[in-house]
Amino acid sequence: MKSLFLIRHAKSSWDDASLRDFDRPLNARGKKDAPMMGKRLRQGGHMPDLMLSSPAVRTVSTAWAIADALQYSREKILTLDDLYHASPSEILNVLRRTKDTVDTLFLFGHNPGLTDFANAVCQEHIDNIVTCGVYALQLEMNSWKALSLDKKAVLLFYDFPKNLT
């Protein structure tokens with residue numbers, strides 16, 4: 001059994017128009033939401049065996065904030081160029097390369113790829129994984145190589161900063 005947590009980067013800043021999209025930092029709300037979501041994950045008893053992140057500044061910053069809240073070493077987060085604005089098939093290719101010793105994987109990325117990937121692999125449909133949203137899936141498989149885009153995953157939960165339930 002594998003668990004996959006799809007986590008969209010927290011809210012980013014558009015204040016500096018001279019920055020490339022890749023270099024945009026988190027804004028004040030993003031800096032507040034990411035540690036809060038990490039705390040919620042910790043309270044829920046969710047701990048990754050591995051964290052993978054797009055190398056974009058806003059995405060790595062989100063991963064770091066959540067890692068800090070979980071007391072997961074930032075140095076263990078793998079940043080992969082393939083995850084920057086990745087399509088569902090690119091996300092699938094990254095996941096299929098994951099070692100089978102990893103049972104719980106946190107993947108930090110971007111829309112529309114994350115939402116499109118979630119809709120391809122999960123029986124539930126979601127319109128949009130919001131910023132800093134956590135879409136947690138259960139995969140009934142023993143190997144990441146068995147993952148495919150054919151709606152077999154089961155939604156464990158979807159949480160996001162403005163979720164008050």
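The model is predicted, so to speak of local features a pLDDT of at least 70 is needed, side-chain atom pairs count only at pLDDT 80 or more, and totals for chains, interfaces and linings use all residues. Residues are numbered from 1 along each chain as its sequence is written, and side-chain values use heavy atoms, with hydrogens and water left out.

**The sheet.** Let's start with the strands. Six of them form an open, mixed sheet in the order β3-β2-β4-β1-β5-β6. Strands here are DSSP runs of E with at least two residues, and helices are runs of H or I with at least four, both numbered from the N terminus; two strands pair if DSSP finds at least two bridges between them. At the edges, pairing on one side only, are β3 (78-79) and β6 (154-159). Strands β1 and β5 run antiparallel and are joined by six bridges; within this pair, Phe5 has Ala136 of β5 as its bridge partner.

**The helices.** Helix α1 lies across β1, β4, β5 and β6, at about 135° to β6. Such angles run from 0 to 180 degrees between N-to-C directions, with axes fitted as lines to C-alpha atoms, for helices over the stretch in contact. Contact means heavy atoms within 4.5 Å.

Helices α3 and α4 have axes that come within 8 Å and cross at roughly 75°. That makes the two roughly perpendicular, a label for angles of 65 to 115 degrees. Their meeting residues are tabulated here.

| Helix | Residues | Residues meeting the other helix |
|---|---|---|
| α3 | 88-96 | Pro88, Ile91, Leu92, Leu95 |
| α4 | 113-121 | Gly113, Leu114, Asp116, Phe117 |

By class, this contact has six nonpolar, one polar and one charged residues. Ala, Val, Leu, Ile, Met, Phe, Trp, Tyr, Cys and Pro count as nonpolar, Asp, Glu, Lys and Arg as charged, and the others, Gly among them, as polar.

**Two backbone details.** Most residues other than glycine have a negative phi, and most peptide bonds are trans. Asn111 and Pro112, however, are joined by a cis peptide bond with omega of about 5°, and Pro112 sits in the loop between β4 and α4. Cys132 has a positive phi, near 65°, and belongs to the loop between α4 and β5.

**The cavity.** Finally, Leu83, Ala86, Ile91, Leu107, Gly109, His110 and Leu114 line the largest cavity, a set of points on a 1 Å grid over the protein atoms alone where a 1.4 Å probe fits but cannot get out, with lining residues having an atom within 4 Å of a point. Five of the lining residues are nonpolar, two are polar and none is charged.

Definitions and conventions: Parallel < 35°, antiparallel > 145°, perpendicular 65-115°, else oblique. 1 Å grid on protein atoms, 1.4 Å probe; cavity = no way out; pocket = protein on both sides within 12 Å on 5 of 7 lines; lining within 4 Å.
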